[in-house]
Amino acid sequence: MSTHTTAAGHAPASGWKEWVLTTDHKRIGVLYLIGSMAAFGVAGLMALIIRLEQMELGMQYVASATQYNSFLYFHGAAMVLAFLIPGLTGFAANYFLPLMIGARDVAFPRINAFSIWLFYFAIVLALLSFVIPDAPDIMWTGYPPYSVTTTGNTAFYVFTVHLLGFSSILGAVNFLVTVIYMRAPGMGWNQLNIFVWTTIAAFVLQLIFIPVLAAAVTLLLFDKYMGTHFYDPSAGGDVLLYQNLFWFYSHPAVYVIFLPAVGILMDIMATMCKNRIFNYKAAVYAGIWGIVAIGGIVWIHHLYITGMPDWIRLGHMVTTLLISVPVGILVLSFWGTLYKGAITYNTAMMYAVSCLYLILLGGLTGIPLAIPSMTVHLSETSYVHAHFHFIMALFSAFALFAGIYYWFPKMTGRYADGPIATLSFWLNFIGVNVTFWPLFIIGKEGMPRRYWNYEMFSDMTVFGYTFQQFNTIATYGSWIIAVGMLLQFMNFIKAAISGPVAPLNPWGSKSLEWTHTASPPGPGNFGDTDVVVDENWSPYEYNRG
Amino acid sequence: MRKLLSAMSGLVGTVLLSSQAFAAEGNGLAVPNQSWERLWHEVIMDITVIGVIMAILAVIMLIKYKASSPDQLGTAKKLTTVQSIAWALIPASVFMADDFFLAANGWTVWNDYRRVPENAMEIKVTGYQWYFEFTYEDGTTTSELVLPHNQPVVLRMTSEDVIHSFGLPGFRVKEDVMPGRITYIYLNPVEIRETFVQCAEFCGNDHSVMTNAVRVVPQAEFDAWLAEAANG
């Protein structure tokens, strides 16, 4: 990505300073991409070790249960907080949102630069947990009293959350102001790219809910290191207070990840189908904002087995099931966008199509989990584990990869498509199915999450096969993904340096980032002329006139 | 099409649930784990039908609308206002109908899980890192959970250290065990068998090996076992 060119005769600052001191939203986006991919790599390695350990009963590969638990902690915390959220709301939003609305940068470029460096400090802090002797071993959820009484260093978790929280809140304010005040003249709200809408929605959620998470983990810090008793029942505290606060944020956080992924896919599908978004207004106002409206009142479904009062468990069963209404409307928009389209297949579109499968599978398998009388058994099993990997982790990660292939010519001027890209897509797609389908099957029979040993289940079989055999297949699947991802990253690097040169608008998109900017766009994005759009302009009008 | 689906799954569900009254064996009381299996099959049928139909539609469109040249444009028309509203409200109503149908059935099964009959035997469960301890009505404390056949049981549970979860995969139930709070699980052991409890909430290093034996035995055998445990 060193092919970045500067326009208007500015002499580029020398070498590393050009990146470290940058306030350019595109470079900050690229920095987010690098940071989140690094987190993905390390957290993915943890996943490989976890899967390897589960392949057989007993302890074979990790040194101790403590180490296994700290790997689980790192995998969860890094994938959610340092890969998915920064990848989608950091990289994709930073690089493409200002381009899509015709802005020359974000509203507060220096605050934007501050956000990215808070994010990098958080990654460094998280990585330090590998070198300290008492790594956090509290899962990414950090439930007290365990997180208070453990010898693991909970402070690393708390401060990582603080730094990422600050980074996200600053980003949220920045992007909301940018979209409200810096849209190109003439651009009305119903002319925004779906990705812009989903990013706003995600940042509204971040702005409302992050402070609650910050409060929850700060009280955890006080309990552990300053002798307070917020979560300690022996002195009047309550262990469930933390879980309520934590999930009050962390369920909406699922939509912070899910929504921008939907936005990326809508943009890719409209472009590759050369078709309008089906029922745009319903997708935006009922789908996206419907999720924002209901997303904050479903968190008890993470506490279905914690002895919460029956009335609230049943109330949240209804609200959780009703999430299927806005999600269903978004699904109809995906399906309807294919209708009478003119579909071109390339790597970005293949990832997008695989996401249609993932949203269907991940979304529908969530329906049993919305019902408390199902969850009394399914909770904390590998069924849950497989469900949220499909709908949150894999759907969003595949959407992000789709976005990288889609925007690769914009960022580098070169295609990342090719035989290696196709091969790595198929390896990844087959790999995730081989990994997570067995977990659905044994999860229904009780296979627990977060176990390195499952000796008590050794007598049980499903379809005549033992849990260990299913786990072994899942582990083979994780190796397929590992090969696919390695090939993919080698392909990205190779393509950025020597991939086939792409024209300015290789997919024939109508969106501003393709029609009005160079590849990659220079400082100020749009050269000397400001972008103005007329009232009939839309990023999705392909067959008009 | 979707309406038809919802009606179909509704029909199947009604048939499944109406068989409930005849399914109870032994003591005539609801057996939560049997209700669980029925609801599971109903929900799986519901989501499988929706999933298969949507998948088929997607595959058909992905093949049918493949562009013949890169310059080809989609030909779908923009929806009129009435069409837009209809395409939002009608599917939303269908989804909501299915949601409320599932919620109602979920609620019925929930009552099977949570309504404890008057004659239930109470056993106290205490969680420790990393084992469970059981205290019977006569004060006998054991490390094995033995239940008399056909006797409804309520487990009153708390923890002495961190959060655990009392997971009984054989009974299709689990509930967290927490310091400072008392939770309960209702069991109706209508089947003589040996199974186990496993900890289902992360609780530290030996979480994965935190397990105790659970046995359902005839009443006479239970009485003998309890007497022996009380003396031992």
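Start with three helices: α12 (347-364) and α16 (419-444) in chain A, plus α3 (32-64) in chain B. Each of them supplies at least two residues to the lining of the second largest pocket. Keep in mind that this is a predicted model.

Which helix gives the most to that lining? Color α3(B) and you have it: 11 residues come from there. Now color the lining by class: you'll get 27 nonpolar residues, 4 polar and 2 charged.

Next stop, the largest nonpolar core, with 253 residues. Select A:F91, A:Y157, A:F258, B:Y136, B:L155 and B:F166, the ones with the most contacts inside this core. Then show helix α3 of chain A (residues 65-100), the top contributor to this core with 24 residues. Over in chain B, domain 1 (2-65 + 79-114) and domain 2 (121-231) each put at least three residues into this core.

Zoom in on A:F91. What does A:F91 touch, leaving out residues up to four places away in sequence? Select A:G29, A:Y32, A:L33, A:P86, A:F96, A:L400, A:I404 and A:M411, and you have its contacts.

Methods:
Residues numbered from 1 in each chain as written. Chains lettered and ligands numbered in written order. Predicted model: local features only at pLDDT ≥ 70, side-chain atom pairs only at ≥ 80, totals over all residues. Heavy atoms only, no water. Helix = DSSP H or I, 4+ residues; strand = E, 2+ residues; numbered from the N terminus. Nonpolar A, V, L, I, M, F, W, Y, C, P; charged D, E, K, R; others polar. Core = buried A, V, L, I, M, F, W, Y, C linked by side-chain atoms within 4.5 Å. Buried < 20%, exposed > 50% of the residue type's maximum accessible area, 1.4 Å probe, protein only. Domains from an automatic or database assignment. Contact = heavy atoms within 4.5 Å.
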